[in-house]
Amino acid sequence: MKQGDKLNAFQSGILGLTSTFEDFARLEVTIADAYGIKSVQRNQIEYLTDERGKMIVNSVGRFECQEADFAQAMAGRWQGDSKLGKQSSSYHVHYTYYYSLALANYVGRVYARDIDAFGYRFGE
């Protein structure tokens, strides 16, 4: 978000309930806004599969390789430049810095379906 951007109901609700990253990661709440009900602890794979667990999308891009994934998705569809570029980027320490061992284990349990489906490993 940019300075001066107005928060939506979901963002305001989350910020009103948390003060640290660990609070946010452990938050078990659903919040309704203009676009429906959102759950903080919903596995992403649930948005990509039907009720039988079958993928309903052709491919899933990963943030870690978004430039290549986007180029592949646009291949044959777009004649122009398929580079995404960066805006408002900033330096951050490695994400593992923000996790205690207890929090890493907790997140591993809560998001086990995503971790398994997308092949993630903590620290990689």
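Reader: How many helices and strands are there in the protein chain?

Author: The model is a predicted one. Its protein chain has six helices and two strands. From the N terminus on, the order is α-α-β-β-α-α-α-α.

Reader: What share of the 124 residues counts as buried?

Author: The share is 16% of the protein chain. Buried stands for a relative accessible area under 20%.

Reader: Why is T49 called buried?

Author: T49 has 12% relative accessibility. The cut-off is under 20%. T49 therefore counts as buried.

Reader: Where does T49 lie, and what does its side chain reach?

Author: T49 sits in the loop between α3 (45-48) and α4 (66-74). Its side chain reaches the backbone oxygen of I45 at 3.0 Å.

Reader: Is I45 buried or exposed?

Author: I45 belongs to helix α3. Its relative accessible area is 7%. Buried means under 20%, so I45 is buried.

Reader: Which residues is I45 in contact with, leaving aside its neighbours within four places in sequence?

Author: They are M55, R113, D114, A117 and F118. I45 and Y111 are 66 residues apart in sequence. In space, C-alpha to C-alpha, I45 and Y111 are 9.5 Å apart.

Reader: How many aromatic pairs are there?

Author: The count comes to seven aromatic pairs. One of them is formed by Y99 and F122.

Reader: Why is the pair of Y99 and F122 called edge-to-face?

Author: Two values are needed, the distance of the centres and the angle of the planes. For Y99 and F122 the centres are 5.4 Å apart, and ring centres pair within 6.5 Å. The angle between the planes is 75°. Edge-to-face needs over 60 degrees, so the pair of Y99 and F122 is edge-to-face.

Reader: What does the pair of Y99 and F122 tie together?

Author: Y99 lies in the loop between α4 and α5. F122 lies in the segment after α6. The pair therefore ties together parts that are 23 residues apart in sequence. Ring pairs also link Y99 and F122 with F21, Y95, Y97 and Y98 into a cluster.

Reader: Why are Y99 and F122 called partly exposed?

Author: Y99 has a relative accessible area of 23%. F122 has 48%. Both values lie in that range, so both residues are partly exposed.

Reader: What lines the largest pocket?

Author: Its lining has 30 residues, and Q44, Y95, Y99, V107 and Y120 lie nearest the centre. The largest pocket holds about 1,400 Å³ of space. Helices α2 (21-26), α5 (101-110) and α6 (112-118) each supply at least two lining residues. By class, the lining has 18 nonpolar, six polar and six charged residues.

Reader: Which residues line the second largest pocket?

Author: They are F63, E64, Q66, E67, G85, K86, Q87, S88 and S89. The volume of this second largest pocket is about 300 Å³.

Reader: What makes the lining of the second largest pocket one nonpolar, five polar and three charged residues?

Author: Phe counts as nonpolar, Glu and Lys as charged, and Gly as polar. F63 is in the lining, and so are E64, E67 and K86. The classes come to one nonpolar, five polar and three charged residues.

How values were computed. Residues are numbered from 1 along each chain as its sequence is written. This is a predicted model: local features need pLDDT of at least 70, side-chain atom pairs count only at pLDDT 80 or more; totals for chains, interfaces and linings use all residues. Side-chain values use heavy atoms; hydrogens and water are left out. On a 1 Å grid over the protein atoms alone, a cavity is a set of points where a 1.4 Å probe fits but cannot get out, and a pocket is an open set with protein on both sides within 12 Å along at least five of seven lines; lining residues have an atom within 4 Å of a point. Grid points are joined across faces, edges and corners, and a volume is the space filled by probe spheres set on the points. Helices (H or I, at least four residues) and strands (E, at least two) are DSSP runs, numbered from the N terminus. Buried means under 20% relative accessible area, exposed over 50%, partly exposed in between (1.4 Å probe, protein chains only). A polar contact is a pair of N or O atoms within 3.5 Å; within protein, one must be able to donate a hydrogen and the other to accept it, and residues adjacent in sequence count only if both atoms are side-chain atoms. Rings of Phe, Tyr and Trp (its six-membered ring) pair if their centres lie within 6.5 Å; planes under 30 degrees apart count as stacked, over 60 as edge-to-face and the rest as tilted. Contact means heavy atoms within 4.5 Å.
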